[in-house]
Amino acid sequence: MTRRGLLRASLLLAGGALAQGCSGRRGEVPDVTIGGPEDALAWALGELGGRYGEEFEQEPGTGVTPYEPDSRHLEYELCARPAADPKKPFGCTVATHADTRRLSYPLMDDYTQYRFKPQLEEPFLEAARGTDGLAGYSARLSEPYMGERDWRPSELEAYLHNGYTRPGLAVTLMLPRDGSASSWAGAVRSFLGAVWGLGRRMDVYAGMEGFVPYEWGNLFTLDVSQTVPSGRGPKPPSLDYIEQEVRDSQIDLGSDRLERWDGAGDPGDPGYTRLPQITWLPGHPVMD
């Protein structure tokens, strides 16, 4: 099950709070029967058109994924994009009753993440561009609000603290393979110093170019207690601490556990994809 699937399942088991929106009033559920993935896709694209007043299409390279959050529900996840602006893929969930296949909730989508991505991502991207010693980087809004509510750009703080999802920044710092523990630690510390005071939830991973940094290949991962602003001290981890973390990682480049990676992002909703698109600096990545 995808991360969104786990999120939706937990909310359904909790009584469908997300489907009720921030006002506590659930929107009217259309009287529609979904016979399978093709029906789910067709209905979702039409519903999106009515909701946002523009034409939508399925994101290339993605499918319609059915899953059962519990024995009573059958849901379909899919990825769409506006036909006039294909660089804005986003996710949708079509929820049905497992026995009747009739809709159980209105369409859930996170197209509204694009109301806030520039505001949230640009300070982190600027910090990465200004950090010496990187091979590449990514900073993207993660876990965007999934629901039936639209948002105004002025509602940023309400969006971030919506009570149902946990929007934040997922940051990846790719480090040159020919670096040292001290140079890698210096780059990570410099970046953290630039974003520490922004007051945003953030997950930060640092890995070596050419390898996926999220499991066995990470050189540094921000401690989970510091991913939310309330858990942070006034200053980021010290250079000595980060360097020791890097040294303790002991990455074995010959390990079968390490997954090779050229930094190409997964197709689909950028807020929930496993691998983001990395912006490489000149001369990187090293893939030999």
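Glu 143 counts as buried, at 19% relative accessibility; buried means under 20% relative accessible area, exposed over 50% and partly exposed in between, with a 1.4 Å probe and protein chains only. This is a predicted model, in which local features need pLDDT of at least 70, side-chain atom pairs count only at pLDDT 80 or more, and totals for chains, interfaces and linings use all residues. Residues are numbered from 1 along each chain as its sequence is written, and side-chain values use heavy atoms, with hydrogens and water left out.

Glu 143 is placed in the loop between strand 6 and helix 4; helices (H or I, at least four residues) and strands (E, at least two) are DSSP runs numbered from the N terminus. Backbone values for Glu 143 and Arg 101, neither of them a glycine, are tabulated below.

| Residue | Phi | Relative accessible area |
|---|---|---|
| Glu 143 | about 50° | 19% |
| Arg 101 | near 65° | 31% |

Arg 101 is partly exposed and lies in the loop between strand 4 (90-97) and strand 5 (108-109).

The largest nonpolar core has 37 residues, and Phe 191 and Leu 192 have the most contacts inside it. Such a core is a set of buried Ala, Val, Leu, Ile, Met, Phe, Trp, Tyr and Cys residues joined through side-chain atoms within 4.5 Å. Its largest share, eight residues, comes from helix 5. Beyond neighbours within four places in sequence, Leu 192 is in contact (heavy atoms within 4.5 Å) with residues including Val 204, Phe 220 and Ile 242. A second, separate core of 21 residues includes Leu 48 and Tyr 114.
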